[in-house]
Amino acid sequence: MSKYERLVIYPLLFIALFCSLTGVNVVSATQQVFDKIVAREIVVVNDEGNTVASLKYDQAKEDVSLELFNNEGKRVVSLLSYDDGGAIGVFNQDGHLTVAMQNESQAGSVFLYNGTSKMTKLVGLRSGLYGGVMEVNNAEGLPTGIIGNNVNNNGYIGLFRGELLGFLSPQIMLNVTEDGATIFRAE
């Protein structure tokens, strides 16, 4: 070892020995636990700096949301709170809504969407006025079929034209009443 190398190495060895004996942490990698964190938004990023999760309070809407993103920055899951309850949305890799579970008129609902920017509802499952209701819609989002419960707590099936106001006049209605089954067919 040359004279100049000793001038560099020995002082570094003495500093390292001093730090280890006195308990000085040159590099600290400790975990801290906080009892409370107060923030309006918390953002989690990946190694590239892209947002992968966001927890925030929206002052204008007065609600809280937790959103998860994929590596391309597209939203894949949203959890929302609002005055009437909450909602969960699942999005495809393009960031378009495919499934929503939410509170609707004091009852639960599940909706399936077409996964495009139009957000067309294709299937709805909800708690209705007289019980459960399943609604099937066409590609334009207009009802073509409904299965549910009627006012007598019996079942019904309705088939519709799939037009804007077509759900007001069913084409075929199967209905169970206290007197038996009825079949209505539009002429």
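Analyst: Helices (H or I, at least four residues) and strands (E, at least two) are DSSP runs, numbered from the N terminus. The model is predicted, so local features need pLDDT of at least 70 and side-chain atom pairs count only at pLDDT 80 or more, while totals for chains, interfaces and linings use all residues. Residues are numbered from 1 along each chain as its sequence is written, and side-chain values use heavy atoms, with hydrogens and water left out.

User: How many helices and strands are there in the protein chain?

Analyst: The protein chain holds 1 helix and 13 strands. Read from the N terminus, the order of its elements is α-β-β-β-β-β-β-β-β-β-β-β-β-β.

User: What part of the protein chain counts as buried?

Analyst: Buried means under 20% relative accessible area, exposed over 50%, and partly exposed in between (1.4 Å probe, protein chains only). Of the 187 residues in the protein chain, 21% count as buried. The accessible surface, by the Shrake-Rupley method with a 1.4 Å probe and, for residues, only the protein chains shown as cover, comes to about 13,700 Å² for the protein chain. Carbon and sulfur atoms contribute 59% of that surface.

User: What share of the contacts in the protein chain with a separation of 6 or more joins residues 24 or more positions apart?

Analyst: Contact means heavy atoms within 4.5 Å. In the protein chain, residues 24 or more positions apart account for 3% of the contacts with a separation of 6 or more.

User: How much space lies in the largest pocket, and which residues lie nearest its centre?

Analyst: Rolling a probe the size of a water molecule over the atoms shows where empty space is left. On a 1 Å grid over the protein atoms alone, a pocket is an open set of points where a 1.4 Å probe fits, with protein on both sides within 12 Å along at least five of seven lines; lining residues have an atom within 4 Å of a point. A volume is the space filled by probe spheres set on the points, which are joined across faces, edges and corners. Here the largest pocket contains about 300 Å³ of space. Its lining has 18 residues, and Ser65, Glu67, Arg75, Ser78 and Leu80 lie nearest the centre. Two or more lining residues come from each of β2 (51-58), β3 (63-69), β4 (75-82), β5 (85-91) and β6 (97-104). Strand β4 gives the largest share, 5 residues.

User: How do the residues of that lining divide into nonpolar, polar and charged?

Analyst: Ala, Val, Leu, Ile, Met, Phe, Trp, Tyr, Cys and Pro count as nonpolar, Asp, Glu, Lys and Arg as charged, and the others, Gly among them, as polar. The lining of the largest pocket has 7 nonpolar, 5 polar and 6 charged residues.

User: Is Glu67 buried or exposed?

Analyst: Glu67 belongs to strand β3 and counts as buried because its relative accessibility is 11%. Beyond four places in sequence, Glu67 contacts Val52, Ala53, Ser54, Lys56, Arg75, Val77 and Ser78. With residues up to four places away left out, Asp63 touches Lys56, Tyr57, Asp58, Ser81 and Tyr82. Ser54, in strand β2, is buried with a relative accessible area of 5%. On the same terms, the partners of Ser54 include Glu41, Ile42 and Glu67.

User: How many aromatic pairs does the count come to?

Analyst: Rings of Phe, Tyr and Trp (its six-membered ring) pair if their centres lie within 6.5 Å; planes under 30 degrees apart count as stacked, over 60 as edge-to-face and the rest as tilted. The count comes to 1 aromatic pair. The ring centres of Phe111 and Tyr113 are 6.5 Å apart and their planes stand at 65°, so this pair is edge-to-face. Phe111 and Tyr113 are both buried.

User: Where does Met119 lie, and what is its phi?

Analyst: Most residues other than glycine have a negative phi. Met119, in the loop between β7 (107-113) and β8 (121-127), has a positive phi of about 50° although it is not a glycine. Met119 is partly exposed, with a relative accessible area of 45%. Asn153, in the loop between β10 (143-149) and β11, likewise has a positive phi, near 60°. Asn153 is exposed, at 58% relative accessible area.
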